[in-house]
Amino acid sequence: MRGAAMSLKAAVSGLVIFLLSVSVVQGQDSWRVTYSSLQICAYKGSTVEMNCTFTYPERTKGEVNSLQKTFWLRKDGFYYKDVETVSEYSGRVKNICDENKCTLRITNLRETDSTVYRFGFITNKDSYHGRPGVTLSVTDLQVKVSRPHEALLFQCLSGLSSQTSYIWFRNGHQIEHQTLYYYYPPEQLLQTDSYSCALSGHEKCPSPPVYAPKLPSVSVSPSAEIVEGSSVTLTCSSDANPAATFKWYKRNQTSKYLGEGAQLVFSSIKSSDSGEFSCKAENDLGKPTYKWISIDVKYAPQFPSVSVSPSAEIVEGSSVTLNCSSDANPAANYTWFKKNGPLNLNPSNAGAQLVLSSVNSSASGKYYCEAENTLGRRTSKHISINVKWGGKSVAVAGTITVVLLVIVFLSVLVWIRQKRASNEPSEAEERQEHTEQGQPEEQEDLQYASIHFSKTQEPLYSNTRPARPPRRTEQQDVTEYAAVKFTRNSTAMRTRSKEPEEDPAALYSTVNKSR
């Protein structure tokens, strides 16, 4: 004998409804049908499943029994009809069997589906259907929620009965209230509270409960890596009755409101869209709840920028650092290149920084970098490096240049002075000639000399050159003296001198010059 007890479920918009679970066995002589439930309360528009197991004898009158067909019957008045042959159930019913276990599934329940259902089967020797069957009650009983004057108002609605006696439940427990409406202070409502109602006499078939939104669930499509430019959809869902409404926010310094709806769609997502997003679910019963989710948009490297340090003149022997940077996600890898030449430098040419230690003239040239990640690569512009010869040599060269200029200047100055000095005697002689010739234009430059000779002295001629007049103030008279020595036969000559100790060979002259 084969048999097993099965469970029965029904749902309203994904909700599990109340089941009257009673295991019932019907049959004799090993012909048997076992129902997991005899009564089921379901709601209009929901889906219900009726489960059972069956057995039959292996032999009848010495012959082997073999299963031919299974079916479900619906009570219609005094008769039972195969539900799969009734047009009202077309496309809504399905008989699912696995060995000796069978299930009748009815979708999109209607109020007219309320009746008794029985399971039956046929063998090659006989047929059988189990009694009393499963009683299905379909109702549109529901709780309507509103907030008049900031109070919570629950209303029990049903299209099956006009009776005015109701039963109310809070968190599954019956409360003392039997009217159509039920008021409740919102400040006393807890996030986990639920409310339902039932018709008097039908306490086992309450309405679906109403409750505040549960913690939302947020999904991202596609679930794989998000790449810039692709289409991305965020979907928010929350278990709530009445159904929750959803609002989207992006977290930054303050939460930025993005819009309403169960979905947030980015038709062409940008790198700036990366960040944390929240979904807020709320209805009339509950406080809003939030769920945050992070979006990390991947993108290829942006155009790289290159900088050099130091930015001033680069001299031989110094250290130079080149920096390459590019905005990329995931972070870029960098490679350095030198235009028109090998990059035979130390250290290696990989990394965001390229350090050139103790550079020389061979390091001069144009450099550029390449930024690359899994989504692409970009190349920077060239940057020029021009290495000058050593900074200390430059200072020495500057000093030498200055010294040379000073020497040249002094040499020219000395030459000019010597030239002037060499020209002064001829100028004096020219003045003397002009004086002897009595030319009037040279009168102011005449020079006078008094020369005395002893009687025994022979006439003696000499040219007397005046000394260079010193600087003087205006109208100042200058007296210049010139001494001329003659030696002849040890005879001395003197001019205008009264001191006896003077050399008798000295010749003196007095020159007066008026300016």
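Residues are numbered from 1 along each chain as its sequence is written, and side-chain values use heavy atoms, with hydrogens and water left out. Because the model is predicted, local features need pLDDT of at least 70 and side-chain atom pairs count only at pLDDT 80 or more, while totals for chains, interfaces and linings use all residues.

Q: How many salt bridges does the structure hold?
A: Side chains of opposite charge can pair when their charged atoms come close. A salt bridge here is a side-chain nitrogen of Lys or Arg within 4 Å of a carboxyl oxygen of Asp or Glu. Counted in this way, the salt bridges of the structure number twelve.

Q: Which residue forms a salt bridge with E49, and how many residues apart in sequence are the parts that the pair ties together?
A: The partner of E49 is R105, with the closest N and O atoms 2.8 Å apart. Helices (H or I, at least four residues) and strands (E, at least two) are DSSP runs, numbered from the N terminus. Since E49 lies in strand 5 (residues 47-55) and R105 in strand 11 (residues 101-106), the pair ties together parts whose separation in sequence is 56 residues.

Q: Is D193, which meets R170 in a salt bridge, buried or exposed?
A: The side chains of D193 and R170 come to 3.1 Å, N to O, and they link the loop between strand 19 (181-184) and strand 20 (194-199) with strand 17 (residues 166-170). Buried means under 20% relative accessible area, exposed over 50% and partly exposed in between (1.4 Å probe, protein chains only). R170, at 25%, is partly exposed, whereas D193 has a relative accessibility of 3% and therefore counts as buried.

Q: Where is F409, a member of a nonpolar patch on the surface?
A: Patches are made of residues with over 30% relative accessible area and no salt bridge, with like charges joined within 9 Å and nonpolar side chains (Val, Leu, Ile, Met, Phe, Trp, Tyr) within 5 Å. V402, V406, F409, L410 and L413 form such a nonpolar patch, with about 450 Å² of accessible area together. F409 itself is exposed, at 56% relative accessible area, and its place is in helix 1 (residues 391-436).

Q: Which residue does a cis peptide bond join to S221?
A: The bond has an omega of about 5° and is made with a residue found in the loop between strand 22 (217-221) and strand 23 (226-227). That residue is P222.

Q: What is the phi of K61, a residue that is not a glycine?
A: K61 sits in the loop between strand 6 (59-60) and strand 7 (63-64), where its relative accessibility of 84% makes it count as exposed. Its phi is positive, at about 55°.

Key. Accessible areas come from the Shrake-Rupley method with a 1.4 Å probe; for residues, only the protein chains shown count as cover.
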